[in-house]
Amino acid sequence: MTQEVEVSNAQQLSFQDFKKEVLTDYRIARISRECSLLGRREVLTGKAKFGIFGDGKEVPQLAMAKAFQNGDFRSGYYRDQTFMMAIGQLTPQQFFAGLYAHTDVEKEPMSAGRQMGGHFATHSLDENGNWKNLTAQKNSSSDISPTAGQMPRLLGLAQASKIYRNVQGLESFTNFSDKGNEVAWGTIGNASTSEGLFFETINAAGVLQVPMIMSVWDDEYGISVHAKYQTTKESISEILKGFQKENDTNGYEIIVVNGWDYVQLTDVYNRASKIAREQHIPVLIHVKELTQPQGHSTSGSHERYKSAERLEWEQEFDCINQMRKWILEFELQDSNGDLLRFVDSEEELLSIEKEAKKEVSTAKRDAWNSFINEIKAEVGIAVKLLDSVAQKSENRTFINKYKNDLSAITEPIRKDILIACRKTLRLIREEDFAEKIELQNFIKNATEQAAVKYSSHLMSENEKAATNINAVKPTYSSEKNTVDARIIMRDNFDAIFSKYPEALIFGEDAGHIGDVNQGLEGLQEKFGELRISDTGIREATILGQGIGMAMRGLRPIAEIQYLDYLLYALQIMSDDLATLRYRTFGKQKAPLIIRTRGHRLEGIWHAGSPMGGIINNIRGIHVLVPRNMTQAAGFYNTMLASDEPALIVECLNGYRLKEELPTNLGEYKTPVGVVETIKKGTDITIVSYGSTLRIIEEAAKDLTQIGIEIEIIDAQSLLPFDLNHDTVKSVAKTNRLLVVDEDVPGGASAYLLQEIVENQNGYKHLDSKPQTLTAKAHRPAYGTDGDYFSKPSAEDVFEKVYEIMHEANPVKFKSLY
């Protein structure tokens with residue numbers, strides 16, 4: 001059977017072409033294996049910090065690469081180095097640059113040293129942050145370490161093809177898709193299939209019927225833990241048999257293949273590609289009987305947990321050894337009766353293996369020299385400067401020691417340079433000479449350069465950054481048109497989907513009924529089920545759909561029904577979406593908008609206000625908290641004009657309140673990072689956001705009656721907060737500050753207080769202690785009384801403000817209690 005498949009391939013290619021392909025594949029496999037072996041050594045000698053390698057998975061990855069086409073996307077596992085080499089997106093020198101964490105993105109294009117080795121990516125953006133032609137290249141979405149974390153994004157990458165194939169109006173988006181012909185390829189280790197994200201994604205892909213091929217690399221272990229402790233029946237394909245597609249059902253094609261069989265693997269992957277690409281259905285390939293020759297990682301040895309029999313089997317069935325054996329034994333008789341072979345003797349393979357060792361050794365050396373010489377050059381500059389400083393300083397003995405210690409480091413890092421220079425600056429703090437200024441400038445410049453190397457690209461750094469989108473005020477007709485606020489959301493979304501054919505929205509109840517608050521009423525009927533769609537109850541993959549589609553040029557809006565439910569997706573938001581631009585050094589982006597609703601909700605699991613946890617977990621995503629639907633609609637318009645991700649939290653109790661309907665729906669824009677003063681006052685500045693502002697406004701009326709005028713500032717966005725520092729101008733006028741928040745103590749209120757008092761230097765203007773008024777430390781009990789006694793009420797605001805004013809003027813404002 002095996003020979004028949006191979007003969008078929010040989011006849012299609014011609015034997016010489018086929019021979020060349022096989023030997024090229026063998027060469028790539030050997031190079032990859034040598035990278036793994038030498039990479040482990042580099043970690044153990046201390047040159048690299050950690051290593052996790054793809055040894056044992058080489059042959060199936062070669063087969064996968066053969067079926068992978070331009071425009072396709074990978075969302076994978078941190079052992080896919082052979083695949084990346086086979087598609088021409090990873091060289092051995094780049095492999096080692098990743099191990100050394102080289103901060104030059106040209107030398108280490110995967111992450112510029114921001115991720116550990118084995119985390120692979122291609123560049124979707126050019127040097128200006130603009131999209132490249134993704135259909136003209138083979139694409140890999142940037143890997144993340146959390147096991148199965150690559151799965152939700154994979155779903156979206158596959159769904160994008162379905163959208164491009166079936167939604168009208170996207171015909172001009174030829175840089176992103178060729179009529180939806182692209183396949184999204186996922187890879188995962190067998191043990192990681194135990195994660196919930198794997199099962200959630202598998203189920204969602206089966207429901208959606210998207211062109212996704214999921215490869216499970218099965219070597220029977222997860223770190224040291226055998227499959228019998230990982231998976232029911234010890235087989236992921238066995239337990240997923242219920243997902244097998246049958247006549248008139250959705251589901252998967254499920255294929256099982258041995259990971260050491262080059263011939264069968266090639267056939268399987270070509271067949272899977274054809275199925276997914278043409279039929280637009282998912283395929284799961286369970287690649288069994290793989291090995292992991294060096295164990296899980298450089299942190300341990302697999303001899304500690306594998307039996308002698310298992311180790312012996314792994315040696316024999318190592319996929320490269322099996323491929324080598326097949327190459328040596330292969331014979332095919334042509335039509336003239338001549339025997340055709342890949343090699344005439346074993347010497348040809350030995351030559352390939354020798355050259356692979358040499359190439360990898362050279363690549364390792366060149367990568368290390370490129371990495372270390374760059375730093376050594378910086379050391380040389382610093383040493384020369386320290387020498388000049390020492391000659392002028394009374395503390396030359398100590399400075400010379402710092403200089404000599406720095407010079408003596410054989411493998412320096414930038415930290416060593418700055419330590420020596422900053423400690424020297426301490427010693428000359430009271431001295432005055434030109435070299436001191438040079439040292440100060442050196443430290444400043446080094447710190448600025450470090451900010452680029454280690455801290456840049458958290459957010460967009462081009463003109464499409466959300467903070468660069470100019471505000472456009474809503475306009476109104478001369479005849480006042482007051483409506484339920486939900487109408488503003490609905491009609492603004494209508495305008496958005498008419499303006500942007502690439503825009504789509506999906507979530508629980510978002511489609512058929514037009515969301516639970518009717519903000520999408522009637523839009524599915526108008527724009528179709530693919531653009532306005534319902535999903536299952538699966539928040540993580542809702543986020544993943546959005547991430548993947550945004551990475552392929554669409555403008556998705558992922559709806560999470562309530563803010564508290566965001567916790568199901570927080571890991572994906574934090575580890576994947578929030579870090580994407582940063583961890584690729586600005587070479588990938590996913591401008592996803594996440595829609596949810598919260599504030600002033602009731603009950604432990606519907607509190608609607610875990611903002612402190614959210615903002616501190618998702619730096620890299622804008623967090624926008626509009627107080628009404630007019631502001632919220634403007635934020636959607638702003639973010640669609642930008643190229644960044646955002647979380648927009650609508651006020652759940654605001655949909656039925658009355659607001660005036662703007663006439664420039666879809667066009668007006670709420671600025672990001674800009675606060676708004678919604679009431680002028682002279683006695684105290686109160687900062688808050690969302691629905692709590694209405695409570696503060698209610699309290700303001702009562703405070704006015706007793707002679708206290710509060711100034712109310714709406715934060716509008718938490719990430720970022722008040723880029724123009726308008727809040728401190730208010731504090732300078734009132735000399736008092738209160739932050740009111742329905743989050744728990746130390747949550748968003750602590751963040752806002754730090755922003756105002758520390759970052760805006762508000763402390764300079766305070767005559768009273770800056771204070772916060774927050775919810776209780778627990779989440780609220782169910783019912784209206786639970787809200788009243790758990791979160792700030794109008795009475796709480798009144799009494800807190802009164803207490804502050806009592807301290808300032810106890811004669812005028814006598815104590816209430």
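**Disulfides.** I searched the whole structure for disulfides, meaning pairs of cysteine sulfur atoms within 2.5 Å, and the search finds zero. C35 is in no disulfide. Its nearest cysteine sulfur belongs to C319 and is 15 Å away. I looked up burial next, with buried set at under 20% relative accessible area, exposed at over 50%, and partly exposed in between (1.4 Å probe, protein chains only). C35 counts as buried at 0% relative accessibility. C421 is buried too, with a relative accessible area of 0%.

**Ground rules.** I am working on a predicted model, where local features need pLDDT of at least 70 and side-chain atom pairs count only at pLDDT 80 or more, while totals for chains, interfaces and linings use all residues. Residues are numbered from 1 along each chain as its sequence is written, and side-chain values use heavy atoms, with hydrogens and water left out.

**Salt bridges.** I took a salt bridge as a side-chain nitrogen of Lys or Arg within 4 Å of a carboxyl oxygen of Asp or Glu. The whole-structure search finds 50 salt bridges.

I checked D484 with K658: their side chains meet at 2.7 Å, N to O. D484 sits in strand β11 (residues 482–484) and K658 in strand β18 (residues 658–660), so this pair ties together parts that are 174 residues apart in sequence. Helices (H or I, at least four residues) and strands (E, at least two) are DSSP runs, numbered from the N terminus. K658 counts as exposed, at 57% relative accessibility.

I then looked at D714 and R627. They form a salt bridge, with the closest N and O atoms 2.6 Å apart. This pair links distant parts of the chain, 87 residues apart. D714 is in strand β21 (residues 710–714), and R627 is in the loop between β16 (622–624) and α22 (629–640). D714 is buried at a relative accessible area of 0%. R627 is buried at 15%.

D576 and R583 came next. Their closest N and O atoms are 2.8 Å apart in a salt bridge. Both residues are buried.

I also noted a network of salt bridges. It links D515, E559, R595, R597 and E650.

**Sheet.** I traced an open sheet of six strands. The order is β2-β1-β3-β4-β8-β7, with parallel pairing. Two strands pair if DSSP finds at least two bridges between them. The edge strands, β2 (139–140) and β7 (253–258), each pair on one side only. β4 (residues 212–217) and β8 (residues 283–288) pair in the parallel sense over five bridges. S215 stands opposite I285 in β8.

Helix α7 (residues 196–208) packs on the sheet and touches β3 (184–189), β4 and β8. Contact here means heavy atoms within 4.5 Å. The direction of α7 makes about 150 degrees with that of β4. Axes are lines fitted to C-alpha atoms, for helices over the stretch in contact, and angles run from 0 to 180 degrees between N-to-C directions.

**Record.** I checked UniProt. An unreviewed entry places "domain: Transketolase-like pyrimidine-binding" at residues 483–657. UniProt positions are in the numbering used here, feature names are shortened, and annotations may be inferred rather than shown by experiment. The end C-alpha atoms of this span lie 8 Å apart, and the span is 36% helix and 17% strand.

**D416.** I looked up one more residue. D416 lies in helix α14 (residues 414–427). D416 touches L406 and I409, not counting residues up to four places away in sequence. The C-alpha atoms of D416 and R304 are separated by 37 Å, at 112 residues apart along the chain.
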